[in-house]
Amino acid sequence: MRDLDRLRRQYGGHTPGLLGARHSYAVLCPLVDRPGGLHLLFEVRSAALHRQPGEVCFPGGRMEAGETLEQCALRETEEELAIPSREIEILGKPDFICNQAGFLMQPVLGLVSDAGLASMAPSPAEVAEVFAVPLSFFRETRPEFHVYDLLPEVPADFPYQAVGIPADYRWARGRVEVPIWYWQGHAIWGMTARLTQDLVRHLA
């Protein structure tokens, strides 16, 4: 009964997550209201960063212990762009991405006020540039698509006989579709483009 009690405590109020996930990341998909309609705000990562230097992304980062998605996305946005949390209206939480590397990318949709946009001051250590793209561009422009395969590399000493499968067992494969939009010299691609694509689908 001791194990049963432990399981009840563990799973009674448990919120399911991704099994085996090493990290979770939250990003803000920041909307700004400009003449001509809503725009999405993007960053270009600093060339000095070790991970993905020079790539286009949304503000965000790794979640800290005890943080909600919203808290993480707002904290990271304030650290990277100096936009105060009080100047961002949270609109909701779109679908998240489960990355094949074993982490979750979880977006938060938010509307940045005029005062928030006016106070924006990108951190040079993290952000090389900030630019805005009209949502109408994404609605009217089909992205370029590229696909790559995820192929299993099974070790030569895998115990096929012990687990009861043949040596020519058909291991599951995967495919990843990579959308790319080009906007005024910037390539919006990868997970950032997939989150953008999902947002545009809901506006269709």
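**Pockets, a cavity and a hairpin**

Colleagues, I begin with the second largest pocket, whose lining residues divide into six nonpolar, three polar and no charged. Here Ala, Val, Leu, Ile, Met, Phe, Trp, Tyr, Cys and Pro count as nonpolar, Asp, Glu, Lys and Arg as charged, and the others, Gly among them, as polar. The model is predicted, so local features need pLDDT of at least 70 and side-chain atom pairs count only at pLDDT 80 or more, while totals for chains, interfaces and linings use all residues. Residues are numbered from 1 along each chain as its sequence is written, and side-chain values use heavy atoms, with hydrogens and water left out.

The residues that line this second pocket are T15, P16, G17, L18, L69, F96, C98, L104 and Q106. Its volume is about 160 Å³. A pocket is an open set of points on a 1 Å grid over the protein atoms alone, with protein on both sides within 12 Å along at least five of seven lines; a cavity is a set where a 1.4 Å probe fits but cannot get out, and lining residues have an atom within 4 Å of a point. Points are joined across faces, edges and corners, and a volume is the space filled by probe spheres set on them.

The largest pocket has a volume of about 800 Å³. It is lined by 34 residues, and R51, Q52, C57, M105 and M191 lie nearest its centre. Among the elements that give two or more residues to this lining are β1 (23-34), β2 (37-45), α2 (69-81), β7 and β10. The element that gives the most is α6, with five residues. By class, the lining of the largest pocket holds 16 nonpolar, eight polar and 10 charged residues. Helices (H or I, at least four residues) and strands (E, at least two) are DSSP runs, numbered from the N terminus.

What of enclosed space? One cavity of 30 Å³ or more is found in a search of the whole structure. The largest cavity holds about 50 Å³ of space. Its lining consists of C29, F58, P94, D95, P107, L109, L195, T196, D198 and L199, that is, seven nonpolar, one polar and two charged residues. Both β7 (103-112) and α6 (190-203) supply at least two residues of this lining, and α6 contributes the largest share, four residues.

Helix α6 also contains Q197. Why is Q197 classed as buried? Q197 counts as buried because its relative accessibility is 14%, the limits being under 20% relative accessible area for buried, over 50% for exposed and partly exposed in between, with a 1.4 Å probe and protein chains only. Beyond its neighbours within four places in sequence, Q197 is in contact (heavy atoms within 4.5 Å) with F145, P179 and W181.

I turn to the hairpin. Strands β10 (residues 174-183) and β11 run antiparallel and are joined by four bridges; two strands pair if DSSP finds at least two bridges between them. Two residues separate the strands, and Q184 in the turn has a positive phi of about 45°. W183 has H186 of β11 as its bridge partner. In β11 (residues 186-189), H186 and I188 form the covered face, whereas A187 and W189 form the uncovered one. In a regular strand, side chains alternate between the two faces of the sheet.

Finally, V133 is found in strand β8 (residues 127-134) and is buried, at a relative accessible area of 0%. Not counting residues up to four places away in sequence, V133 touches H39, L40, F42, F138, W183 and I188.
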